[in-house]
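Subject: The structure, and what turned up in it

Hi,

Here is the structure I said I would pass on. Have a look at it first, then read my notes below.

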Amino acid sequence: MSVIIFADQFQGKIKKSALEAVQYGAKVAQQTGTSATAVVLGEVGAEELALLGQYGAQKVLHAADARLNEPEAGVAAKVMAEAVAKENAAIIIFSHNFSGRAIAPQLSANLKAGLVAGAISLPDTSNGFVVKKNVFSGKAFANVNITSEKKIVSVLPNTFSLEAGSGTATVEAFSPAINNTDFRIKVVKAETITGEVPLTEAEIVVSGGRGLKGPENWGMVEDLAHALGAATACSRPVADSGWRPHHEHVGQTGFTVRPNLYVAIGISGAIQHLAGVNGSKVIVVVNKDPEAPFFKAADYGIVGDAFEIVPKLTEAVKKYKG
Ligand code: FAD
(Lines give C-alpha, C1' and ligand atoms only; values in the text may rest on other atoms or scores of the structure.)
Protein backbone atom coordinates (compact mmCIF):
# COMPACT_ATOMS: atom_id res chain seq x y z
CA MET A 1 0.00 0.00 0.00
CA SER A 2 1.27 3.45 -0.72
CA VAL A 3 0.24 7.03 -1.34
CA ILE A 4 0.81 7.99 -4.94
CA ILE A 5 1.28 11.58 -6.12
CA PHE A 6 1.06 12.97 -9.62
CA ALA A 7 4.07 15.29 -9.89
CA ASP A 8 3.60 17.23 -13.09
CA GLN A 9 6.29 19.07 -14.94
CA PHE A 10 6.46 21.80 -17.53
CA GLN A 11 9.35 21.89 -19.98
CA GLY A 12 11.36 19.55 -17.79
CA LYS A 13 10.81 21.40 -14.53
CA ILE A 14 8.66 20.02 -11.73
CA LYS A 15 5.96 22.61 -11.00
CA LYS A 16 5.88 24.30 -7.61
CA SER A 17 2.26 23.19 -7.20
CA ALA A 18 3.40 19.60 -7.84
CA LEU A 19 6.01 19.88 -5.08
CA GLU A 20 3.24 21.06 -2.76
CA ALA A 21 1.23 17.96 -3.72
CA VAL A 22 4.26 15.73 -3.09
CA GLN A 23 4.85 17.29 0.32
CA TYR A 24 1.15 16.86 1.15
CA GLY A 25 1.21 13.24 -0.07
CA ALA A 26 4.30 12.50 2.02
CA LYS A 27 2.50 13.80 5.11
CA VAL A 28 -0.56 11.68 4.33
CA ALA A 29 1.74 8.67 3.95
CA GLN A 30 3.25 9.40 7.36
CA GLN A 31 -0.23 9.77 8.88
CA THR A 32 -1.40 6.48 7.40
CA GLY A 33 1.84 4.56 8.00
CA THR A 34 2.57 3.98 4.31
CA SER A 35 5.11 5.30 1.82
CA ALA A 36 4.94 8.10 -0.75
CA THR A 37 5.58 7.48 -4.44
CA ALA A 38 5.66 10.33 -6.95
CA VAL A 39 4.84 9.72 -10.61
CA VAL A 40 6.55 11.87 -13.21
CA LEU A 41 5.59 11.79 -16.87
CA GLY A 42 7.87 12.97 -19.66
CA GLU A 43 11.52 13.88 -20.00
CA VAL A 44 12.87 15.31 -16.75
CA GLY A 45 16.50 15.46 -15.59
CA ALA A 46 17.91 13.77 -12.47
CA GLU A 47 18.27 17.06 -10.60
CA GLU A 48 14.56 17.81 -10.88
CA LEU A 49 13.65 14.25 -9.87
CA ALA A 50 15.88 14.62 -6.81
CA LEU A 51 13.69 17.52 -5.65
CA LEU A 52 10.85 15.07 -5.10
CA GLY A 53 12.88 13.28 -2.43
CA GLN A 54 13.52 16.59 -0.70
CA TYR A 55 9.77 17.13 -0.41
CA GLY A 56 9.15 13.68 1.04
CA ALA A 57 8.75 11.15 -1.78
CA GLN A 58 10.50 7.87 -1.02
CA LYS A 59 10.17 6.59 -4.55
CA VAL A 60 9.73 8.15 -7.99
CA LEU A 61 8.20 6.29 -10.91
CA HIS A 62 9.57 8.05 -13.97
CA ALA A 63 7.95 7.46 -17.36
CA ALA A 64 10.58 9.22 -19.48
CA ASP A 65 8.56 8.90 -22.67
CA ALA A 66 8.74 12.02 -24.88
CA ARG A 67 5.08 11.48 -25.87
CA LEU A 68 4.21 12.25 -22.23
CA ASN A 69 6.00 15.60 -22.08
CA GLU A 70 2.68 17.39 -22.37
CA PRO A 71 0.22 14.55 -21.90
CA GLU A 72 -3.45 14.95 -22.58
CA ALA A 73 -5.61 14.27 -19.54
CA GLY A 74 -7.07 10.97 -20.74
CA VAL A 75 -3.63 9.46 -21.37
CA ALA A 76 -2.27 10.77 -18.06
CA ALA A 77 -5.30 9.29 -16.23
CA LYS A 78 -4.64 5.93 -17.90
CA VAL A 79 -0.96 6.03 -16.89
CA MET A 80 -1.88 7.02 -13.33
CA ALA A 81 -4.34 4.11 -13.12
CA GLU A 82 -1.52 1.76 -14.11
CA ALA A 83 0.80 3.32 -11.50
CA VAL A 84 -1.92 2.99 -8.84
CA ALA A 85 -2.31 -0.71 -9.63
CA LYS A 86 1.46 -1.27 -9.74
CA GLU A 87 1.98 0.37 -6.33
CA ASN A 88 -1.27 -0.95 -4.86
CA ALA A 89 -2.02 2.63 -3.85
CA ALA A 90 -5.18 3.51 -1.95
CA ILE A 91 -4.65 7.28 -1.80
CA ILE A 92 -3.87 9.37 -4.85
CA ILE A 93 -2.83 13.01 -4.63
CA PHE A 94 -2.84 15.70 -7.33
CA SER A 95 -2.35 19.42 -7.28
CA HIS A 96 -5.59 21.28 -8.01
CA ASN A 97 -3.71 23.03 -10.84
CA PHE A 98 -4.68 22.91 -14.51
CA SER A 99 -3.53 19.36 -15.11
CA GLY A 100 -4.82 18.05 -11.79
CA ARG A 101 -8.23 19.56 -12.49
CA ALA A 102 -8.35 17.72 -15.83
CA ILE A 103 -6.80 14.38 -14.84
CA ALA A 104 -8.12 13.72 -11.30
CA PRO A 105 -11.83 13.55 -12.29
CA GLN A 106 -11.04 11.12 -15.12
CA LEU A 107 -9.03 8.90 -12.79
CA SER A 108 -11.80 9.18 -10.22
CA ALA A 109 -14.30 7.87 -12.78
CA ASN A 110 -11.90 5.12 -13.96
CA LEU A 111 -11.20 3.87 -10.44
CA LYS A 112 -14.62 4.64 -8.93
CA ALA A 113 -12.70 6.61 -6.34
CA GLY A 114 -14.13 9.49 -4.30
CA LEU A 115 -12.45 12.81 -5.06
CA VAL A 116 -12.08 15.95 -2.98
CA ALA A 117 -11.03 18.75 -5.31
CA GLY A 118 -9.15 21.71 -3.86
CA ALA A 119 -8.25 20.40 -0.39
CA ILE A 120 -7.06 22.95 2.16
CA SER A 121 -6.30 20.57 5.02
CA LEU A 122 -4.57 17.30 5.61
CA PRO A 123 -7.11 14.49 6.02
CA ASP A 124 -8.52 13.84 9.46
CA THR A 125 -8.29 10.06 9.71
CA SER A 126 -9.62 9.77 13.26
CA ASN A 127 -13.08 8.89 11.97
CA GLY A 128 -12.95 8.16 8.25
CA PHE A 129 -10.96 10.24 5.77
CA VAL A 130 -12.23 13.79 6.12
CA VAL A 131 -10.74 16.58 4.03
CA LYS A 132 -11.62 20.27 4.21
CA LYS A 133 -12.24 22.39 1.12
CA ASN A 134 -13.57 25.83 0.25
CA VAL A 135 -17.11 26.11 -1.10
CA PHE A 136 -19.18 29.04 -2.38
CA SER A 137 -16.13 30.91 -3.67
CA GLY A 138 -14.30 30.68 -0.36
CA LYS A 139 -17.19 31.97 1.77
CA ALA A 140 -17.67 28.64 3.57
CA PHE A 141 -15.84 25.35 4.20
CA ALA A 142 -17.02 21.81 3.69
CA ASN A 143 -15.56 18.79 5.47
CA VAL A 144 -15.87 15.90 3.07
CA ASN A 145 -15.47 12.25 4.06
CA ILE A 146 -14.21 10.03 1.24
CA THR A 147 -15.79 6.66 1.85
CA SER A 148 -14.67 4.73 -1.27
CA GLU A 149 -11.77 2.30 -0.95
CA LYS A 150 -9.58 4.39 -3.23
CA LYS A 151 -9.40 8.06 -2.39
CA ILE A 152 -8.28 10.99 -4.52
CA VAL A 153 -7.42 14.43 -3.18
CA SER A 154 -6.30 17.43 -5.20
CA VAL A 155 -4.50 20.05 -3.16
CA LEU A 156 -5.30 23.74 -3.61
CA PRO A 157 -2.09 25.46 -4.84
CA ASN A 158 -0.34 27.92 -2.51
CA THR A 159 -2.15 26.54 0.54
CA PHE A 160 0.75 24.71 2.18
CA SER A 161 4.18 26.32 2.38
CA LEU A 162 7.02 24.30 1.00
CA GLU A 163 9.78 23.14 3.31
CA ALA A 164 12.57 21.20 1.63
CA GLY A 165 14.24 18.48 3.67
CA SER A 166 17.28 16.35 3.01
CA GLY A 167 15.41 13.20 1.92
CA THR A 168 16.24 11.23 -1.19
CA ALA A 169 13.98 9.14 -3.37
CA THR A 170 14.84 6.05 -5.38
CA VAL A 171 14.02 6.60 -9.03
CA GLU A 172 12.51 3.69 -10.94
CA ALA A 173 11.96 3.70 -14.69
CA PHE A 174 8.29 3.20 -15.52
CA SER A 175 7.04 2.10 -18.94
CA PRO A 176 3.26 2.40 -18.92
CA ALA A 177 1.31 0.41 -21.50
CA ILE A 178 0.27 3.23 -23.80
CA ASN A 179 0.18 3.23 -27.54
CA ASN A 180 -0.16 5.91 -30.17
CA THR A 181 -3.90 5.32 -30.58
CA ASP A 182 -4.40 6.45 -26.94
CA PHE A 183 -3.46 9.98 -28.02
CA ARG A 184 -6.36 11.89 -29.49
CA ILE A 185 -4.96 15.39 -29.64
CA LYS A 186 -1.63 16.84 -30.63
CA VAL A 187 -0.27 20.17 -29.42
CA VAL A 188 0.73 21.96 -32.62
CA LYS A 189 1.86 25.22 -31.09
CA ALA A 190 2.29 26.56 -27.57
CA GLU A 191 2.59 30.25 -26.84
CA THR A 192 3.69 31.82 -23.58
CA ILE A 193 0.99 34.29 -22.62
CA THR A 194 2.13 35.44 -19.21
CA GLY A 195 4.94 37.82 -18.37
CA GLU A 196 7.99 37.04 -16.31
CA VAL A 197 6.14 35.09 -13.62
CA PRO A 198 3.14 32.80 -14.31
CA LEU A 199 0.17 34.24 -12.43
CA THR A 200 -1.04 31.07 -10.70
CA GLU A 201 2.46 30.14 -9.51
CA ALA A 202 3.48 33.64 -8.45
CA GLU A 203 4.51 34.38 -4.86
CA ILE A 204 3.64 38.05 -5.36
CA VAL A 205 0.85 39.50 -7.52
CA VAL A 206 0.29 43.16 -8.35
CA SER A 207 -3.23 43.70 -9.59
CA GLY A 208 -5.04 46.70 -11.06
CA GLY A 209 -8.68 47.69 -11.34
CA ARG A 210 -10.87 50.24 -13.03
CA GLY A 211 -9.42 52.91 -10.74
CA LEU A 212 -6.42 52.99 -13.08
CA LYS A 213 -8.63 54.68 -15.69
CA GLY A 214 -7.20 53.08 -18.82
CA PRO A 215 -4.64 50.69 -20.34
CA GLU A 216 -2.19 53.54 -20.92
CA ASN A 217 -1.64 53.70 -17.13
CA TRP A 218 -0.57 50.08 -16.68
CA GLY A 219 3.10 50.98 -16.94
CA MET A 220 3.17 51.86 -13.26
CA VAL A 221 1.57 48.52 -12.31
CA GLU A 222 4.16 46.71 -14.40
CA ASP A 223 6.99 48.75 -12.91
CA LEU A 224 5.92 47.84 -9.38
CA ALA A 225 5.48 44.18 -10.40
CA HIS A 226 8.90 44.17 -12.01
CA ALA A 227 10.52 45.70 -8.91
CA LEU A 228 8.85 43.07 -6.68
CA GLY A 229 9.43 40.13 -9.07
CA ALA A 230 5.64 39.77 -9.23
CA ALA A 231 3.06 38.67 -11.76
CA THR A 232 0.40 41.14 -12.89
CA ALA A 233 -3.34 40.60 -12.60
CA CYS A 234 -6.53 42.63 -13.01
CA SER A 235 -10.20 42.81 -12.13
CA ARG A 236 -12.82 41.51 -14.52
CA PRO A 237 -14.06 44.82 -15.97
CA VAL A 238 -10.47 45.65 -16.84
CA ALA A 239 -10.16 42.45 -18.87
CA ASP A 240 -13.69 42.84 -20.29
CA SER A 241 -12.79 46.35 -21.49
CA GLY A 242 -9.72 44.97 -23.24
CA TRP A 243 -7.33 47.02 -21.09
CA ARG A 244 -5.58 43.81 -20.08
CA PRO A 245 -5.70 40.25 -21.46
CA HIS A 246 -8.23 37.81 -19.99
CA HIS A 247 -5.52 35.51 -18.68
CA GLU A 248 -4.80 38.18 -16.04
CA HIS A 249 -8.39 38.31 -14.76
CA VAL A 250 -8.73 37.03 -11.20
CA GLY A 251 -11.86 36.32 -9.22
CA GLN A 252 -14.91 34.11 -9.23
CA THR A 253 -14.97 33.87 -13.01
CA GLY A 254 -11.21 34.22 -13.48
CA PHE A 255 -8.14 32.68 -11.91
CA THR A 256 -7.79 31.95 -8.22
CA VAL A 257 -4.48 33.07 -6.80
CA ARG A 258 -3.04 32.52 -3.34
CA PRO A 259 0.25 34.39 -3.35
CA ASN A 260 2.19 35.43 -0.28
CA LEU A 261 1.49 39.05 -1.22
CA TYR A 262 -1.41 40.47 -3.26
CA VAL A 263 -1.27 44.20 -4.01
CA ALA A 264 -4.63 45.56 -5.21
CA ILE A 265 -4.53 48.97 -6.86
CA GLY A 266 -7.73 50.83 -7.71
CA ILE A 267 -9.90 47.75 -7.16
CA SER A 268 -13.11 48.15 -5.13
CA GLY A 269 -13.03 44.64 -3.61
CA ALA A 270 -16.36 43.28 -4.87
CA ILE A 271 -17.16 39.85 -3.49
CA GLN A 272 -16.63 38.25 -6.91
CA HIS A 273 -13.11 39.68 -7.04
CA LEU A 274 -12.33 38.66 -3.46
CA ALA A 275 -13.38 35.09 -4.23
CA GLY A 276 -10.25 34.67 -6.34
CA VAL A 277 -7.77 36.42 -4.07
CA ASN A 278 -8.88 36.14 -0.45
CA GLY A 279 -6.62 33.16 0.16
CA SER A 280 -3.58 35.43 -0.30
CA LYS A 281 -1.38 35.49 2.79
CA VAL A 282 -0.97 39.27 2.90
CA ILE A 283 -3.22 41.73 1.07
CA VAL A 284 -2.22 45.34 0.47
CA VAL A 285 -4.89 47.68 -0.88
CA VAL A 286 -4.36 51.06 -2.51
CA ASN A 287 -7.64 52.91 -3.01
CA LYS A 288 -8.64 56.55 -2.85
CA ASP A 289 -12.00 55.71 -1.25
CA PRO A 290 -11.60 54.92 2.47
CA GLU A 291 -14.98 53.13 2.32
CA ALA A 292 -13.86 50.72 -0.44
CA PRO A 293 -14.92 47.19 0.65
CA PHE A 294 -11.44 45.83 -0.14
CA PHE A 295 -10.08 47.50 3.01
CA LYS A 296 -12.09 45.02 5.11
CA ALA A 297 -10.08 42.17 3.61
CA ALA A 298 -6.75 44.02 3.66
CA ASP A 299 -3.83 43.43 5.99
CA TYR A 300 -2.42 46.82 5.01
CA GLY A 301 -4.36 49.64 3.41
CA ILE A 302 -3.22 52.87 1.82
CA VAL A 303 -5.95 55.46 1.28
CA GLY A 304 -4.88 57.72 -1.54
CA ASP A 305 -4.47 58.30 -5.23
CA ALA A 306 -2.80 55.34 -6.93
CA PHE A 307 -1.11 57.68 -9.40
CA GLU A 308 0.82 59.25 -6.52
CA ILE A 309 1.31 56.21 -4.33
CA VAL A 310 2.30 53.44 -6.76
CA PRO A 311 5.38 55.20 -8.22
CA LYS A 312 6.52 55.94 -4.65
CA LEU A 313 6.04 52.30 -3.66
CA THR A 314 8.07 51.20 -6.69
CA GLU A 315 10.84 53.62 -5.82
CA ALA A 316 10.87 52.40 -2.22
CA VAL A 317 11.03 48.73 -3.29
CA LYS A 318 13.89 49.46 -5.70
CA LYS A 319 15.78 51.33 -2.98
CA TYR A 320 15.20 48.53 -0.48
CA LYS A 321 16.38 45.88 -2.93
CA GLY A 322 19.43 47.99 -3.81
P1 FAD B 1 -14.77 49.44 -9.71
O2 FAD B 1 -15.82 48.74 -8.95
O3 FAD B 1 -15.17 50.49 -10.66
O4 FAD B 1 -13.76 50.04 -8.62
C5 FAD B 1 -12.71 50.90 -8.91
C6 FAD B 1 -12.08 51.29 -7.61
O7 FAD B 1 -10.96 52.11 -7.87
C8 FAD B 1 -12.98 52.05 -6.64
O9 FAD B 1 -12.98 51.43 -5.37
C10 FAD B 1 -12.37 53.45 -6.58
O11 FAD B 1 -12.49 54.04 -5.30
C12 FAD B 1 -10.92 53.14 -6.90
N13 FAD B 1 -10.22 54.28 -7.52
C14 FAD B 1 -10.65 55.11 -8.48
N15 FAD B 1 -9.69 55.99 -8.81
C16 FAD B 1 -8.63 55.71 -8.02
C17 FAD B 1 -7.34 56.28 -7.89
N18 FAD B 1 -6.93 57.31 -8.65
N19 FAD B 1 -6.50 55.74 -6.97
C20 FAD B 1 -6.89 54.70 -6.18
N21 FAD B 1 -8.10 54.14 -6.27
C22 FAD B 1 -8.95 54.63 -7.19
N23 FAD B 1 -14.96 40.96 -10.85
C24 FAD B 1 -13.69 40.51 -10.76
O25 FAD B 1 -12.75 41.29 -10.51
N26 FAD B 1 -13.42 39.18 -10.97
C27 FAD B 1 -14.37 38.27 -11.23
O28 FAD B 1 -14.06 37.09 -11.41
C29 FAD B 1 -15.73 38.71 -11.30
N30 FAD B 1 -16.71 37.84 -11.54
C31 FAD B 1 -18.00 38.29 -11.55
C32 FAD B 1 -19.05 37.37 -11.70
C33 FAD B 1 -20.36 37.81 -11.66
C34 FAD B 1 -21.45 36.80 -11.83
C35 FAD B 1 -20.65 39.17 -11.48
C36 FAD B 1 -22.06 39.66 -11.43
C37 FAD B 1 -19.63 40.08 -11.34
C38 FAD B 1 -18.29 39.66 -11.37
N39 FAD B 1 -17.23 40.56 -11.21
C40 FAD B 1 -15.96 40.10 -11.11
C41 FAD B 1 -17.45 42.01 -11.20
C42 FAD B 1 -17.48 42.58 -9.79
O43 FAD B 1 -18.76 42.50 -9.26
C44 FAD B 1 -17.05 44.06 -9.80
O45 FAD B 1 -17.89 44.78 -10.67
C46 FAD B 1 -15.60 44.28 -10.25
O47 FAD B 1 -14.73 43.46 -9.51
C48 FAD B 1 -15.22 45.75 -10.07
O49 FAD B 1 -13.97 45.97 -10.65
P50 FAD B 1 -13.03 47.15 -10.13
O51 FAD B 1 -12.89 47.04 -8.67
O52 FAD B 1 -11.82 47.16 -10.98
O53 FAD B 1 -13.88 48.44 -10.56
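Let's start with the second largest pocket, which has a volume of about 270 Å³. Keep in mind as you look that this is a predicted model. The pocket is lined by 16 residues, and the closest to its centre are Ser235, Arg236, Pro237, Ala270 and His273.

Next, some helix packing. When two helices pack together, we describe the pair by the angle between their axes and the distance between those axes.

The crossing of H3 with H4 is right-handed. On the H3 side, the contact uses Ala73, Gly74, Ala76, Ala77, Met80, Ala81 and Val84, while H4 brings in Ala102, Ile103, Gln106, Leu107, Asn110 and Leu111. By class, that contact has 10 nonpolar residues, three polar ones and no charged ones.

Now for another pair, helix H5 (residues 219-228) and helix H9 (residues 306-321). Here the axes come within 9 Å and cross at roughly 20°. An angle under 35 degrees counts as roughly parallel, so H5 is roughly parallel to H9. H5 passes H9 in a left-handed crossing. From H5, look for Met220, Asp223, Leu224, Ala227 and Leu228; among the H9 residues they meet are Phe307, Val310, Leu313 and Val317. The contact of H5 with H9 is made up of 10 nonpolar, one polar and three charged residues.

One last stop: lysine 15. Where does lysine 15 sit? You'll find lysine 15 in the loop between strand E3 (13-14) and helix H1 (16-32). Leaving aside residues up to four places away in sequence, lysine 15 touches Asp8, Gln9, Phe10, Asn97, Ser99 and Glu201. Take asparagine 97 from that list: lysine 15 and asparagine 97 are 82 residues apart in sequence, and their C-alpha atoms are 9.7 Å apart in space.

Cheers

Technical notes: Residues numbered from 1 in each chain as written. Predicted model: local features only at pLDDT ≥ 70, side-chain atom pairs only at ≥ 80, totals over all residues. Heavy atoms only, no water. Axes fitted to C-alpha atoms, helices over the stretch in contact; angles between N-to-C directions. Helix = DSSP H or I, 4+ residues; strand = E, 2+ residues; numbered from the N terminus. Parallel < 35°, antiparallel > 145°, perpendicular 65-115°, else oblique. Left-handed = near helix turned anticlockwise from the far one by under 90°. Contact = heavy atoms within 4.5 Å. Nonpolar A, V, L, I, M, F, W, Y, C, P; charged D, E, K, R; others polar. 1 Å grid on protein atoms, 1.4 Å probe; cavity = no way out; pocket = protein on both sides within 12 Å on 5 of 7 lines; lining within 4 Å. Points joined across faces, edges and corners; volume = space filled by probe spheres on them.
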